[in-house]
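Here are my notes for your first look at this one. Keep the viewer open beside you and go through the points in order.

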Amino acid sequence: MASQPVKVSSSKMRLAIGTLCQFLSLSGFSPISPETLRQAKFNKREAVGPLLSLLAELIDFSTATQCAKSPQFNREETVYVVHSGMLSRHFQRRQFYLCLDIDNSTCHSSRELLIAIGWLICTESLLKQMLFSKETSSLRSFPDVSHKLQERKIYMINTREDMEAPSSFEQYLNGLVWNMGKCRLATKQWYWKEQEIVKLAHKIHVATQGVSLAKNRVCLSPADVTILRYKDKLEKHLHTVEKENRRLQMFFQWLEKEEIFWQWMESVIDAENSERIQNEDPAARSQVDDSYPFDDYSKTLADLSSQLDTTLKEVTQRMQFYDKSLMEKSVPSGETGNPLDVRFEFVPKRVKDHIPKSIVHSQSDWSPVGGIKDIEEEILILSKRLSSLEAKLLEQRDAFSCSCTEMLASIDGVVSIPPILCNQR
Amino acid sequence: MSVISLQLGQCGNQIGQLFFDTLMSDLQQREKERNSKEYQSRCLDRFFVSGEDHKLEARAISVDTEGKVVSNVFDQAKKTGRWCYPSDQQLSGRRGAGNNWADGFYNHGAKCEQEVLDLVQRELEKCDHFGGFCSLMSIGGGTGSGLGTRVTRALKEAYPKSFLINVLVWPHSAGEVIVQNYNAVLSMAHLSESSDALLIFQNDDIRKIAQTLGSSPKVTFDDMNRVVSEQLVASLQPAVSHDGSDNLLGRYLEHLVPHPDYKLLTSRFLPQVSEAAVSFSTFNWPALTKRTFQMLLTQSVIDEGLNWHIKPSNSRNKTLSNLMVIRGKGCQSVDTGIFSSPEIYPSWIPRGAGFASFTQSLPLLRYEKSTSLLSNCQTPIRALDTMVSKAWGMFAMRAYTHWYTRYGMQEEEFIDCFAKLEQTIGNYNSV
């Protein structure tokens with residue numbers, strides 16, 4: 001007896017969905033509410049926007065960059081990224097691609113987006129990757145300088161946009177050399193910054209030898225020293241650690257509630273199926289049942305089968321008759337088959353003159369000589385002669401078959417039928 | 001960021017000593033002000049190091065072919081009681097270079113090159129964050145120009161990733177040394193390859209500024225050196241940009257000289273008032289920035305007789321980049337929009353990328369408010385062209401070339417140097 005699925009209470013489902021949403025939000029992805037996922041189950045239009053952005057970010061995360069929210073896609077790019085990303089991951093749900101409208105940069109089904117997100121999270125173990133990825137962790141760098149990088153990036157983009165179109169090749173070249181010079185000098189600065197970091201870290205290690213805040217270290221790190229020296233940085237660091245702690249708690253909660261979430265996802269697919277069935281036209285279904293000529297086809301098949309059997313029988317009989325007649329023709333009645341009594345039959349288009357005479361046979365050319373004694377001697381002589389004739393015959397047969405083969409090679413429409421030899425010796 | 005200064009030759013050593021002295025004077029005046037402790041600590045870390053007996057030692061190396069100037073400079077520093085030179089960071093000879101570039105380059109330079117590098121290495125090891133080298137020298141004489149050029153080239157080869165700026169003092173146009181133009185041409189040509197940037201102070205202009213600042217019409221070399229050292233202090237003392245980053249030497253060079261064909265820098269400093277007149281003067285930011293901008297448009301470094309009819313549209317001074325350091329109360333609110341005017345920059349520089357500014361709320365020396373503008377522009381080209389023309393005139397007659405060839409220099413080297421400088425002049429004129 002098959003076991004029935006355990007019915008889960010709605011509150012537990014809500015908790016499971018909420019855990020997932022919180023974990024994604026704490027990992028740096030676009031914040032998404034459990035209500036959005038519920039709306040998506042019922043294919044509400046309001047859920048399309050947030051789910052589309054989330055799916056694009058998840059796809060971007062799972063590629064080599066492993067960086068949450070690093071590129072800010074516009075609408076067109078989002079749909080394209082989603083389409084190409086799921087395609088490259090062999091997501092084979094046809095309805096998903098049908099509802100993605102690349103031309104209008106939108107999607108017509110939030111439910112399909114939800115199913116795609118669930119599939120992606122499941123197949124690529126995204127949540128586990130997020131947990132261990134440095135890019136999604138709040139503690140990735142201390143102090144956090146990502147805002148400075150972002151400012152620099154905006155400056156570079158604005159600079160590029162502000163450049164006027166060069167009026168000559170010389171100006172274009174000058175602009176390129178100018179840009180390259182900036183990169184060269186910035187690289188030099190970076191080199192000396194790295195040198196400074198190493199020197200200062202070494203100084204800190206030497207000065208704080210024997211004092212440590214971590215088990216695997218025997219001195220303080222530059223981050224530890226910064227936190228201890230500056231109170232405001234300590235508070236900020238505490239806040240970051242708390243956030244990371246909450247994220248870990250969410251992940252552990254997710255591990256407990258994961259099964260409930262996937263049960264809910266199954267209900268999403270069931271909802272889709274029931275909707276599809278409801279939307280189908282019942283009259284069209286019955287038309288297919290009544291009008292389809294199954295009986296006629298089966299009758300035809302049965303007729304064809306019996307015809308085939310009859311034809312096979314006839315062919316078999318004819319084959320047997322043909323074989324028999326062939327056998328009778330080759331061996332005259334009342335006589336046993338003599339291995340020496342061979343006859344080559346030709347189906348000629350023209351008679352050849354150069355058939356060796358020795359091939360033509362005749363039994364009547366040979367007759368016995370004398371009385372009983374003589375008969376015994378005669379039998380001896382005849383048997384000797386018989387054996388020599390047999391040998392000669394064999395030789396001539398071989399020679400004839402060779403010459404026949406050579407001859408027939410140049411004749412069209414002539415087939416050589418070799419003698420039917422009885423294996424009765 | 002720590003800057004290592006190389007004082008090369010008589011002029012370089014004298015300017016260097018005054019530079020450190022001016023720094024210390026400024027820091028002393030700031031001691032009483034609020035929020036100055038961090039500023040002082042950054043300034044001291046940049047130019048000084050705590051030596052034996054906790055005395056402040058300048059991050060400097062003194063080199064001269066004659067011992068008299070170096071020992072003089074060391075004594076003067078010690079006399080102040082506030083700072084001194086490290087005793088083992090000097091190199092001097094017995095005989096000068098005789099105002100001969102070839103003597104300084106091929107003779108003295110070859111002999112002391114390795115020793116100078118050893119001194120530099122020793123100084124470098126004291127730095128946590130090395131910002132770059134700043135060489136001080138004149139190019140009219142023999143030691144500063146010849147030996148200075150050799151040392152610069154050696155530094156570039158030994159430390160290719162380091163930043164290197166040369167502060168050059170150009171001789172008077174009607175100078176005393178007959179071969180000053182040869183020396184200048186040879187130095188400029190070699191330095192334009194080795195150095196990252198050449199900050200030029202022309203003696204003619206500095207003399208006029210010194211006359212304005214001084215109480216008497218007679219101007220000494222000391223007065224002129226003081227003008228140069230004040231302008232250097234105004235540019236190199238710590239300041240911050242709008243995003244909070246320091247005015248490191250690397251940032252300066254990245255902004256001012258990214259294009260390797262354009263390395264000549266000019267300094268403009270305001271206000272230019274004597275010590276006596278400061279008490280009776282009031283300064284406001286719009287006036288200071290406007291005057292600085294007009295000085296830029298008119299290719300002037302002196303705040304007198306400015307031609308106010310010249311506008312950005314009809315200015316003959318195209319500029320590739322400008323960097324302004326603003327010091328004084330209310331510096332964050334200074335409007336520097338006029339310096340971003342696209343008409344003064346070539347079209348291949350993106351709009352807004354040609355100007356950068358750094359601010360420091362603490363005043364500088366006796367000035368409540370001051371602006372210091374470093375420009376990569378066409379200002380020095382006229383003087384350079386004159387110098388090259390005069391040198392070529394002499395070379396065409398092969399006048400005094402034997403002074404150089406006897407030290408192993410070939411005439412082709414002269415021609416190469418002329419060609420390089422013609423190329424530099426052509427590049428700047430085509431901007």
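**Notes on the model**

1. Let's start in helix α11 (residues 231-279) of chain A, which holds both E244(A) and R247(A), 3 residues apart, or about one turn of the helix. Their side chains meet in a salt bridge, at 3.2 Å from N to O. Both of these residues are buried. Bear in mind as you look that this is a predicted model.

2. Now hop over to chain B for another pair. The side chains of R30(B) and D26(B) form a salt bridge, with 2.6 Å from N to O. Why are R30(B) and D26(B) separated by about one helical turn? Because they sit 4 residues apart in helix α1 (residues 9-30) of chain B. R30(B) and D26(B) are both buried, too.

3. Stay in chain B and find E123(B) and K126(B). They make a salt bridge in which the closest N and O atoms are 3.5 Å apart. Is E123(B) buried or exposed? It counts as buried, because its relative accessibility is 0% and the cut-off for buried is under 20%. K126(B) has a relative accessible area of 32%, so it is partly exposed: that value falls between the 20% and 50% cut-offs.

4. R93(A), E112(A) and E272(A) are joined in a network of them. How many salt bridges are there over all chains? The count comes to 22. As a bit of background, side chains of opposite charge can pair when their charged atoms come close.

5. Next, look for a nonpolar patch on the surface. It is formed by F169(A), Y172(A), L173(A) and L176(A), which together have about 410 Å² of accessible area. One of them, L176(A), lies in helix α9 (residues 169-207) of chain A. L176(A) has a relative accessible area of 40%, so it counts as partly exposed, being between 20% and 50%.

6. Time to zoom out to chain A as a whole. It has 14 helices and 4 strands. Of its 425 residues, 29% count as buried. Chain A exposes about 30,100 Å², and carbon and sulfur atoms supply 57% of that area. Take the contacts in chain A between residues at least 6 apart in sequence: 66% of them join residues at least 24 apart.

7. Last, a word on confidence. The mean pLDDT of chain A is 76, and 69% of its residues reach 70 or more. Among the elements of chain A, helix α6 (residues 110-124) has the highest mean pLDDT, 92, while strand β3 (residues 345-346) has the lowest, 50. Over residues 335-342 of chain A, pLDDT stays under 50, and the model has 14 contacts beyond four places in sequence for that stretch. Residues 421-425 of chain A also stay under 50, with 3 such contacts. Where pLDDT is low, the predicted coordinates should not be read in detail.

Note on methods. Residues numbered from 1 in each chain as written. Chains lettered and ligands numbered in written order. Predicted model: local features only at pLDDT ≥ 70, side-chain atom pairs only at ≥ 80, totals over all residues. Heavy atoms only, no water. Patch = residues over 30% accessible without salt bridge, like charges linked within 9 Å, V, L, I, M, F, W, Y side chains within 5 Å. Areas by Shrake-Rupley, 256 points an atom, 1.4 Å probe, with all protein chains shown as cover. Salt bridge = Lys/Arg side-chain N within 4 Å of Asp/Glu carboxyl O. Helix = DSSP H or I, 4+ residues; strand = E, 2+ residues; numbered from the N terminus. Buried < 20%, exposed > 50% of the residue type's maximum accessible area, 1.4 Å probe, protein only. pLDDT = per-residue confidence, 0-100. Contact = heavy atoms within 4.5 Å.
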